[in-house]
Number of protein chains: 2
Amino acid sequence: MISKNRIKLLSSLKVKKYRDKNQLTILEGYRLIEQAINFNADIINVWLCPEAIDSNPMFIKNLNFKNISYDLINNEDLKKISGTEHSQGVIAEVDISKYITKVNDKVSDNLVVLDGISDPGNLGTIFRTCAWYGIKSVVLTNNTVDPFNFKCIRSGMGAHFYLQKIIINNTQDIIKFLKDNDYDVMCADLKGIKISEVKTSSHWAMIFGSEAHGVSLDFDTFNKVTIPGKQSIESLNVSVAAGIILDRLVNKY
Amino acid sequence: MISKNRIKLLSSLKVKKYRDKNQLTILEGYRLIEQAINFNADIINVWLCPEAIDSNPMFIKNLNFKNISYDLINNEDLKKISGTEHSQGVIAEVDISKYITKVNDKVSDNLVVLDGISDPGNLGTIFRTCAWYGIKSVVLTNNTVDPFNFKCIRSGMGAHFYLQKIIINNTQDIIKFLKDNDYDVMCADLKGIKISEVKTSSHWAMIFGSEAHGVSLDFDTFNKVTIPGKQSIESLNVSVAAGIILDRLVNKY
């Protein structure tokens with residue numbers, strides 16, 4: 001059974017300060033936890049309500065097989081920790097220390113840079129799209145929402161743990177890093193070269209800006225690419241725009 | 001100043017039953033209301049907090065120019081009506097009676113069918129993408145979330161009012177309608193013809209299924225199309241998948 005101290009610690013993880021301090025976050029629900037297990041996330045413990053233990057023998061079997069420890073929690077304590085209204089009665093405590101970095105030697109050839117994304121649902125959805133297309137490194141500017149926010153993790157559907165590294169840094173250091181490593185850098189914008197006409201090398205970085213303001217002026221020296229539309233509405237949602245652009249860059253057919 | 005009865009009516013619109021009964025919904029924030037005005041939404045009245053009236057002369061000027069009535073509301077009353085925590089101090093009451101229909105004679109050549117989408121954020125985001133690509137008719141199965149849900153309207157960013165018609169019907173009638181009108185019908189699926197290889201007529205309908213279960217078996221006789229990925233993660237978010245597929249169908253280059 002879970003201890004009072006552990007409940008207190010896990011309940012605090014809704015707040016970024018305590019996630020940073022403890023290098024922990026919470027996963028909720030079977031599918032998300034199973035995806036994280038598939039990607040070898042550092043799961044410290046899984047906590048299940050009594051009903052959940054009984055009703056999901058395959059899940060328990062998998063935990064045993066993977067040597068992941070689990071324990072009981074009552075519904076009331078789970079509610080204190082959970083960020084959702086309708087819990088499935090299962091949460092996992094995960095160590096996130098290996099994912100976040102400032103600098104990185106081993107970054108992938110295709111890089112997604114997210115500049116000031118503020119909605120955790122959008123950020124998680126973009127991570128999910130990156131995983132779909134096999135993009136393993138993501139760079140976030142300091143003013144981007146915390147990727148280990150519960151809502152971001154939910155919308156990521158396990159993609160966080162597919163990513164090898166989430167680089168978080170200031171804009172100037174990111175620009176230096178992109179130039180030093182000879183990335184073919186592009187910004188998504190409302191004006192620019194049509195994405196279908198872009199000829200890239202295999203070593204590219206694509207920057208997506210915030211929901212309200214787009215890519216910040218600091219990145220203004222890089223080439224701009226755009227998604228043709230009917231101009232009937234101001235813009236596309238940023239996670240949709242990221243999907244369309246990454247599809248065109250990765251699936252070159 | 002707003003009456004007590006009006007506050008009661010507008011506060012009730014958070015619930016679908018009262019939106020349906022009164023054929024009204026609420027828009028919140030300047031950008032959304034301005035977009036709705038651009039698309040000639042039937043705005044009955046705009047309600048502003050005293051601070052909002054003083055700080056946005058251009059917005060007020062536009063309301064006067066477009067002959068849209070507006071009135072004061074205090075912050076406390078606005079909070080009762082609003083669905084957001086951080087209001088900009090402005091809401092609009094909109095008549096939605098002309099948007100929803102069961103059958104439709106004048107539907108567009110390109111049609112998006114949404115089968116059981118349950119997340120209002122996803123539904124609104126797909127509407128926004130439809131507007132971006134000039135798709136004017138959307139068909140929803142009965143079990144899809146209500147498009148005039150406040151959250152759906154927020155994520156639609158005004159796209160609801162760009163759409164000429166939102167058709168809501170049961171699956172059998174939708175299938176009959178698609179066949180009777182000779183649409184070239186396709187379902188988005190995890191398996192199928194690669195979307196880039198699909199050759200469509202200019203008269204197509206594209207079906208997207210629910211977040212949890214995909215397109216329902218009722219639509220199983222139609223062709224399936226898919227977005228190639230690295231199979232590293234189960235699926236893409238449905239609004240991202242819709243963006244990628246619509247981009248390939250509309251922007252044929």
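User: Is A:Gly214 buried or exposed?
Analyst: Keep in mind that this is a predicted model. A:Gly214 sits in the loop between strand S10 (204-209) and strand S11 (223-226) of chain A. The cut-off for burial is 20 or more other C-beta atoms within 10 Å. A:Gly214 has 20 C-beta neighbours inside 10 Å, so it counts as buried.

User: And which residues does A:Gly214 touch, leaving out those up to four places away in sequence?
Analyst: A:Asp146 is 68 residues from A:Gly214 along the chain, and their C-alpha atoms are separated by 18 Å. For contact, the C-beta atoms have to lie within 7 Å. With residues up to four places away in sequence set aside, A:Gly214 touches A:Asp189 and A:Gly209.

User: Which elements of domain 1 of chain A each supply at least two residues of the side that touches domain 2 of chain A?
Analyst: The contact uses 12 residues from domain 1 of chain A and nine residues from domain 2 of chain A. On the domain 1 side of chain A, the residues are six nonpolar, three polar and three charged. The elements that each supply at least two of that side's residues are helix H2 (16-22), strand S1 (24-28) and helix H3 (30-38) of chain A.

User: In what order do the strands of the four-strand open sheet in chain A run?
Analyst: The pairing in this sheet is mixed, and neighbouring strands are turned by 25° against each other on average, direction ignored. S1 and strand S3 (70-72) of chain A are the edge strands with a single partner each, so one side of each has no neighbour in the sheet. The order in chain A is S1-S4-S2-S3.

User: What is the bridge partner of A:Trp47 in S3(A)?
Analyst: Strand S2 (residues 42-48) of chain A pairs with S3(A) in the parallel sense, over three bridges. In S3(A), the partner of A:Trp47 is A:Asp71.

User: At about what angle does H3(A) run to S4(A)?
Analyst: H3(A) lies across S1, S2 and strand S4 (90-95) of chain A. Its angle to S4(A) is about 30°.

User: Over in chain B, how many bridges join S2 to S4(B)?
Analyst: Strand S4 (residues 90-95) of chain B has five of its six residues buried, so the rest of the structure largely encloses it. Strand S1 (residues 24-28) of chain B runs antiparallel to S4(B), with five bridges, and B:Leu27 is partnered there by B:Ala92. Strand S2 (residues 42-48) of chain B is also antiparallel to S4(B), with B:Asp42 partnered by B:Asp95. The bridges between S2 of chain B and S4(B) number six.

User: What do the buried residues of helix H3 (residues 30-38) of chain B pack against?
Analyst: The buried residues of H3(B) are B:Leu32, B:Ile33, B:Gln35, B:Ala36 and B:Ile37. They pack against S1, S2, helix H5 (57-65), S4 and helix H8 (150-156) of chain B.

User: Is B:Asn40 buried or exposed?
Analyst: B:Asn40 follows H3(B), in the loop between H3 and S2 of chain B. Its phi is positive at about 55°, although B:Asn40 is not a glycine. With 10 C-beta neighbours inside 10 Å, B:Asn40 counts as exposed.

User: What about A:Asn67, buried or exposed?
Analyst: A:Asn67 is in the loop between helix H5 (57-65) and S3 of chain A. It has a positive phi of about 65° without being a glycine. A:Asn67 has 6 C-beta neighbours inside 10 Å, so it counts as exposed.

User: Which element gives the largest share of the side of chain B that touches chain A?
Analyst: The contact takes 29 residues from chain B and 29 residues from chain A. On the chain B side, 13 are nonpolar, 12 polar and four charged. Helix H7 (120-132) and helix H10 (238-250) of chain B each give two or more residues. The largest share, six residues, comes from H7(B).

User: What kind of axis relates the two chains?
Analyst: Chain B superposes on chain A by a rotation of 180° with 0.0 Å of shift along its axis, at an RMSD of 0.0 Å. The same surface serves both copies, as 100% of the contact residues of chain B recur in chain A. The relation given by that rotation is a two-fold axis.

Terms used. Residues are numbered from 1 along each chain as its sequence is written. Chains are lettered from A and ligands numbered from 1 in the order in which they are written. This is a predicted model: local features need pLDDT of at least 70, side-chain atom pairs count only at pLDDT 80 or more; totals for chains, interfaces and linings use all residues. Two residues are in contact if their C-beta atoms, placed from the backbone, lie within 7 Å. Ala, Val, Leu, Ile, Met, Phe, Trp, Tyr, Cys and Pro count as nonpolar, Asp, Glu, Lys and Arg as charged, and the others, Gly among them, as polar. Copies are superposed by least squares on the C-alpha atoms of residues with pLDDT of at least 70 in both. A residue is buried if 20 or more other C-beta atoms lie within 10 Å of its own, exposed if 12 or fewer, and partly exposed in between; C-beta atoms are placed from the backbone. Two strands pair if DSSP finds at least two bridges between them. Axes are lines fitted to C-alpha atoms, for helices over the stretch in contact, and angles run from 0 to 180 degrees between N-to-C directions.
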